[in-house]
Amino acid sequence: MFKISRLSQSCLAVLAAIVTTSAVASGANFEGPDSVENTIAAQKADQKHWREVLSDKGFTFGADYFALGMASSNGSSGDDVSASSGVARLYGQWNLVGRDSGNTGSLVWKIEHRHAYSDYAPKDFSGITGSPFNPDTLGYMGLMSPAFSEQGFRVTDLNWKQKINGGRGTIQIGWQDVTNYVDTYALASPWTGFSNLAFSTGSGVMGLPDDGVLALSAGHMVGDNFYVVAGIADANGDSSDIFDGFNTVSDGEYFKTLEFGWTASQEQIYTENFHITLWQMDGGTRHNIDVDGDDGQGINFSYSTFVTPQIMPFVRGGFSEGGVALYDKSISAGFGYFALGGANNNLGFALNWSEINDEYFLASAANSDSQVTAELYYNMQFGDHFQVTPDIQFIADPAFSTEDTALVFSIRGRVFF
């Protein structure tokens with residue numbers, strides 16, 4: 001059995017100070033950095049007394065507002081292009097049963113409103129969603145900031161989370177964001193980490209349903225350091241109309257995952273971690289990018305570790321086939337530098353190589369069948385309730401552009417409490 005080194009222990013302690021992971025409930029934590037529980041935990045140090053009183057009674061909540069602007073002088077036709085949008089979120093968790101037993105049962109919720117300031121939202125900035133071949137987009141086979149859409153009101157989480165076996169396992173049922181339990185790692189959050197999907201859940205080589213769909217997921221430790229996480233979710237669900245999920249869940253199209261992993265700490269699995277994720281998504285849904293509506297399946301891998309108490313390199317990627325993922329092959333490598341210039345700051349840099357899905361319905365019009373993407377961001381916190389993140393992305397050989405390269409500048413702001 002693996003043993004946690006002194007370096008690993010100090011790395012985990014530093015990361016706990018940065019994202020306050022020590023504030024989450026005791027036991028195994030199978031969720032990524034943007035889950036409701038982990039988001040609230042990262043803000044817990046700044047809570048007022050009355051919120052601490054509620055927290056002691058099992059009721060925690062938070063709210064934030066994001067604004068994002070993106071711009072490039074290398075649009076698909078060589079023109080200047082830009083997009084901007086905002087997102088308001090309200091989220092919480094109410095621990096209702098078993099709070100002192102380790103087998104806590106909790107109601108989890110997150111509601112959002114996503115809206116564009118410009119003619120189209122940053123989600124459509126690449127040009128493969130919304131109106132493909134729009135000359136006012138980038139012509140890039142990828143998603144630059146998929147969370148920043150103009151979907152309007154939506155429910156991302158409304159589920160019951162039950163800890164079992166003294167906190168060594170978790171079962172969740174209800175409307176869930178599958179990216180909270182699938183292929184997670186410390187920099188996966190589009191709100192505080194990388195913007196490009198190539199450096200987030202699935203590395204662009206995994207088909208994904210909507211963020212808030214009816215799902216059943218479960219995770220459990222196997223010994224002290226190994227774990228397994230599995231889930232099944234409605235591939236037709238729509239987070240802007242969650243109750244229609246009672247109809248779409250019976251249509252028979254699902255997103256299924258099975259993940260095996262090793263971690264240095266069961267309290268925060270996504271820090272020092274190696275995992276392999278198997279996934280399959282039924283075809284015939286609005287998430288298909290091919291003509292025939294084929295199923296999609298693949299395998300993803302991820303490894304991240306601290307080499308110093310502040311620097312965490314990672315390697316992630318995968319392979320897929322079928323009609324749902326953006327890429328057939330993808331590999332990303334980079335690092336995060338935590339507490340750079342401030343205890344709550346973090347910097348990330350990564351490179352990605354990808355081969356576009358040859359079943360994409362416009363693949364025959366591509367100028368290149370592979371792309372190289374780089375991203376550099378620096379998330380800075382000022383005071384207790386404000387963050388600013390400048391970001392630069394570079395793309396070589398954007399697949400649907402007349403340009404050989406594209407440089408994209410963006411800035412993301414967040415107000416939270």
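Trp175 counts as buried because its relative accessibility is 9%, where buried means under 20% relative accessible area, exposed over 50% and partly exposed in between, for a 1.4 Å probe and protein chains only. The model is predicted, so that local features need pLDDT of at least 70 and side-chain atom pairs count only at pLDDT 80 or more, while totals for chains, interfaces and linings use all residues. Residues are numbered from 1 along each chain as its sequence is written, and side-chain values use heavy atoms, with hydrogens and water left out.

A search of the whole structure finds 22 aromatic pairs, a pair being two rings of Phe, Tyr or Trp (its six-membered ring) with centres within 6.5 Å, counted as stacked if the planes are under 30 degrees apart, edge-to-face if over 60 and tilted otherwise. Trp175 and Phe243 form one of these pairs, which is edge-to-face. Trp175 lies in strand S5 (residues 169–176) and Phe243 in the loop between strand S7 (226–234) and helix H4 (245–248), so the pair ties together parts that are 68 residues apart in sequence; helices (H or I, at least four residues) and strands (E, at least two) are DSSP runs numbered from the N terminus. Phe243, at 54% relative accessibility, counts as exposed. Tyr360 and Phe400 form another edge-to-face pair, linking the loop between S13 and strand S14 (370–382) with the loop between strand S15 (386–396) and S16, 40 residues apart. Both Tyr360 and Phe400 are buried.

| Aromatic pair | Centre to centre | Angle between planes |
|---|---|---|
| Trp175 and Phe243 | 5.6 Å | 80° |
| Tyr360 and Phe400 | 5.8 Å | 70° |

Elsewhere, one aromatic cluster is formed by Trp50, Phe59, Phe61, Trp94, Trp109 and Phe417.

Tyr360 is also among the residues with the most contacts inside the largest nonpolar core, which has 31 residues; such a core is a set of buried Ala, Val, Leu, Ile, Met, Phe, Trp, Tyr and Cys residues joined through side-chain atoms within 4.5 Å. Strand S1 (59–72), strand S2 (81–97) and strand S16 (405–416) each supply at least two residues of this core. A second, separate core of 20 residues includes Phe30, Leu208, Ala233 and Val324.

On a 1 Å grid over the protein atoms alone, a pocket is an open set of points with protein on both sides within 12 Å along at least five of seven lines, a cavity is a set where a 1.4 Å probe fits but cannot get out, and lining residues have an atom within 4 Å of a point.

Of cavities of 30 Å³ or more, the search finds 4, and the largest cavity has a volume of about 130 Å³. Its lining has 16 residues, with Phe30, Glu31, Lys161, Thr170 and Gln172 nearest the centre, and the largest share, 4 residues, comes from S5.

Definitions and conventions. Grid points are joined across faces, edges and corners, and a volume is the space filled by probe spheres set on the points.
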